[in-house]
Amino acid sequence: MKRRNLLRGALAAGLTAPALAALTAARTDVGQTLSPDVLQDLPDLEAAAESYGYHGQQPTRVLADLVADFAGPRTLLAVPQPAPVRARLCRTAGQMTGTTAIVLHDLSSRRESRAWFATAAQAAAESGDPQMHARVLAREAMDPLNYGAPRTTADLAEQARLAAGTRPTAVAARAYALNHQPE
């Protein structure tokens with residue numbers, strides 16, 4: 001709770017250097033724990049990850065809550081877990097880091113957003129859930145599209161399409177649409 005309040009306070013002034021340092025430390029912690037092997041209240045963590053969105057909410061408050069909630073997956077990923085549990089933890093971490101990347105993008109912190117998307121893609125890939133991996137990549141592809149970088153958009157959209165597989169899904173459709181933007 002202390003960490004959440006500290007981060008909220010740092011973010012209240014916007015994306016200042018101390019706030020960005022706290023965000024980077026949280027993302028790095030998650031990123032560093034993804035490679036080694038990693039149960040507590042997993043359903044609660046999964047529900048928390050599913051519930052994040054911030055339509056009508058202050059982005060910095062959502063960001064502080066997200067980063068504080070990383071304590072669960074980050075701690076659990078650092079401890080050996082059975083493969084199915086680890087996959088679920090990675091999926092949850094992928095959702096949380098992906099949402100963090102979106103919020104950072106919306107706050108115009110492009111560098112941090114890209115770094116969080118990379119961590120989200122790593123977690124989603126490690127989860128073994130191709131739809132989650134494709135969703136992260138497709139959402140990331142929308143950012144360079146907004147900034148006029150069609151080649152990067154097309155590359156990420158193609159990666160998302162390949163990750164989505166051949167099943168007709170919303171993620172596959174988004175990836176296709178992103179890869180076929182008019183010039």
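Predicted model: local features only at pLDDT ≥ 70, side-chain atom pairs only at ≥ 80, totals over all residues.

Me: Arg86, buried or exposed?
Reply: Arg86 is buried, at 7% relative accessible area. Buried here means under 20%, exposed over 50% and partly exposed in between, with a 1.4 Å probe and protein chains only.

Me: OK, what does the Arg86 side chain make a polar contact with?
Reply: With the side chain of Glu126, at 2.5 Å. A polar contact is a pair of N or O atoms within 3.5 Å; within protein, one has to be able to donate a hydrogen and the other to accept it, and residues adjacent in sequence count only if both atoms are side-chain atoms.

Me: Which helix is Arg86 in?
Reply: α6, residues 83-106. Helices are DSSP runs (H or I, at least four residues), numbered from the N terminus.

Me: How many residues of α6 are buried?
Reply: 17 of its 24, so α6 is largely enclosed by the rest of the structure. After α6 comes Ser108, with a positive phi near 65°.

Me: Switching to cores. Which residues have the most contacts inside the largest nonpolar one?
Reply: Leu23, Val67, Phe70, Met96, Trp116, Val136 and Leu137, in a core of 34 residues. α8 gives the largest share of this core, six residues. Apart from it there's another core of nine residues, including Leu76 and Leu89. A nonpolar core is a set of buried Ala, Val, Leu, Ile, Met, Phe, Trp, Tyr and Cys residues joined through side-chain atoms within 4.5 Å.

Me: And pockets? What's the volume of the largest?
Reply: About 300 Å³. Of its 15 lining residues, Gln95, Thr99, Ile102, Arg135 and Arg139 are the closest to the centre. A pocket is an open set of points on a 1 Å grid over the protein atoms alone where a 1.4 Å probe fits, with protein on both sides within 12 Å along at least five of seven lines; lining residues have an atom within 4 Å of a point. The volume is the space filled by probe spheres set on the points.

Me: Which helix gives the most to the lining of the second largest pocket?
Reply: α7, with four residues. That pocket holds about 190 Å³ of space.

Terms used. Residues numbered from 1 in each chain as written. Heavy atoms only, no water. Helix = DSSP H or I, 4+ residues; strand = E, 2+ residues; numbered from the N terminus.
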